[in-house]
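Subject: Structure for you to look at, with notes

Dear colleague,

Please find the structure below, followed by my notes on what was found in it.

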Amino acid sequence: MYFFICQLSISEVFLTTDIVPFMFYILLNNGGTITFNGCVTQFFFFSAPEVFECFLLTVMSYDRYVAICNPLRYSSIMTTDYCVKLVVSCWLAVFFIVGIDTSTLFLLRFCGTNIIDHFFCDLVPLLEIACSGSQLAELEVSLVGSPTIFSCQLFTVSSLVRCSILAFIWSIYSDIEPNICVLRLIINLISARD
């Protein structure tokens, strides 16, 4: 668990070091400019930690599921090697998905004003000022982004539901267990008399 929290904090450091320096530059100079390649680079390094957090929170929900539902087998299931493999697979999936998102930005054509009233380059403002090609980028976001987020949320909710059901069953059992013990004691006493 602490390994995943460490990865989450590293992701947050990446995110803030991507946005904050340019934000300070804009604030100190009352505005600023950035090249298109710089904007796409900033978008890539902004999107990667965000998508990674989504995947990592899903992995963390699986980690909690294993810890709650299989506490005796937790250390044999969630080994260090397995945790590293999960994090590496998250980063690989992130670079694949964000690489697709970033590559579609190069298909956009801009005309007229290229001013974005933001302190970082995000997808929606770029699509708003694009003259052509934005339909392909919007379609790509719908086809790649939505299923990714939906599957992460679905897995997280299913882990939560499974843990809740087992916790509910355990709470019912723990509430009834004293009664069952007393009932067994009475049955044993009655059977001992006969």
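In these notes a residue is called buried if its relative accessible area is under 20%, exposed if it is over 50%, and partly exposed in between, with a 1.4 Å probe and protein chains only. Please keep in mind that this is a predicted model, in which local features need pLDDT of at least 70 and side-chain atom pairs count only at pLDDT 80 or more, whereas totals for chains, interfaces and linings use all residues. Residues are numbered from 1 along each chain as its sequence is written, and side-chain values use heavy atoms, with hydrogens and water left out.

To begin with the overall picture, the protein chain has 6 helices and 2 strands, and from the N terminus on its elements follow the order α-α-α-α-β-α-β-α. Helices (H or I, at least four residues) and strands (E, at least two) are DSSP runs, numbered from the N terminus. Of the 194 residues in the protein chain, 32% are buried. If one takes contacts (heavy atoms within 4.5 Å) between residues at least 6 apart in sequence, 72% of them join residues at least 24 apart.

Helix packing comes next. The axes of H1 and H2 come within 9 Å and cross at roughly 160°, where axes are lines fitted to C-alpha atoms, for helices over the stretch in contact, and angles run from 0 to 180 degrees between N-to-C directions. H1 and H2 are therefore roughly antiparallel to each other, since angles under 35 degrees count as roughly parallel, over 145 as roughly antiparallel, 65 to 115 as roughly perpendicular and the rest as oblique. H1 passes H2 in a left-handed crossing; a crossing has this name if the near helix is turned anticlockwise from the far one by less than a right angle, and is right-handed if clockwise. Among the residues that meet there are Phe4, Leu8, Phe14 and Phe22 from H1, and Phe45, Phe52, Leu56 and Met60 from H2. The residues of this contact of H1 with H2 divide into 15 nonpolar, 3 polar and 5 charged, where Ala, Val, Leu, Ile, Met, Phe, Trp, Tyr, Cys and Pro count as nonpolar, Asp, Glu, Lys and Arg as charged, and the others, Gly among them, as polar.

H2 also packs against H4: the axes of H2 and H4 come within 8 Å and cross at roughly 145°, and the crossing of H2 and H4 is right-handed. In the contact of H2 with H4, the residues comprise 22 nonpolar, 3 polar and 1 charged.

Turning to the aromatic rings, those of Phe, Tyr and Trp (its six-membered ring) pair if their centres lie within 6.5 Å, and planes under 30 degrees apart count as stacked, over 60 as edge-to-face and the rest as tilted. By this rule there are 8 aromatic pairs. The rings of Phe22 and Tyr25 have their centres 5.8 Å apart and their planes at 25°, so this pair is stacked. Both Phe22 and Tyr25 lie in helix H1 (residues 2–28), 3 residues apart, which is about one turn of the helix; Phe22 is buried, at 18% relative accessible area, while Tyr25 is partly exposed at 42%. Tyr62 and Tyr65 form a tilted pair, with 6.5 Å from centre to centre and 35° between the planes. Both belong to helix H2 (residues 36–69), again 3 residues apart or about one turn of the helix, with Tyr62 partly exposed at 21% and Tyr65 buried at 16%. Ring pairs also link Phe14, Phe44, Phe45, Phe52, Trp91 and Phe95 into a cluster.

Leaving aside neighbours within four places in sequence, Leu105 is in contact with Phe36, Val40, Phe43, Leu123 and Leu126.
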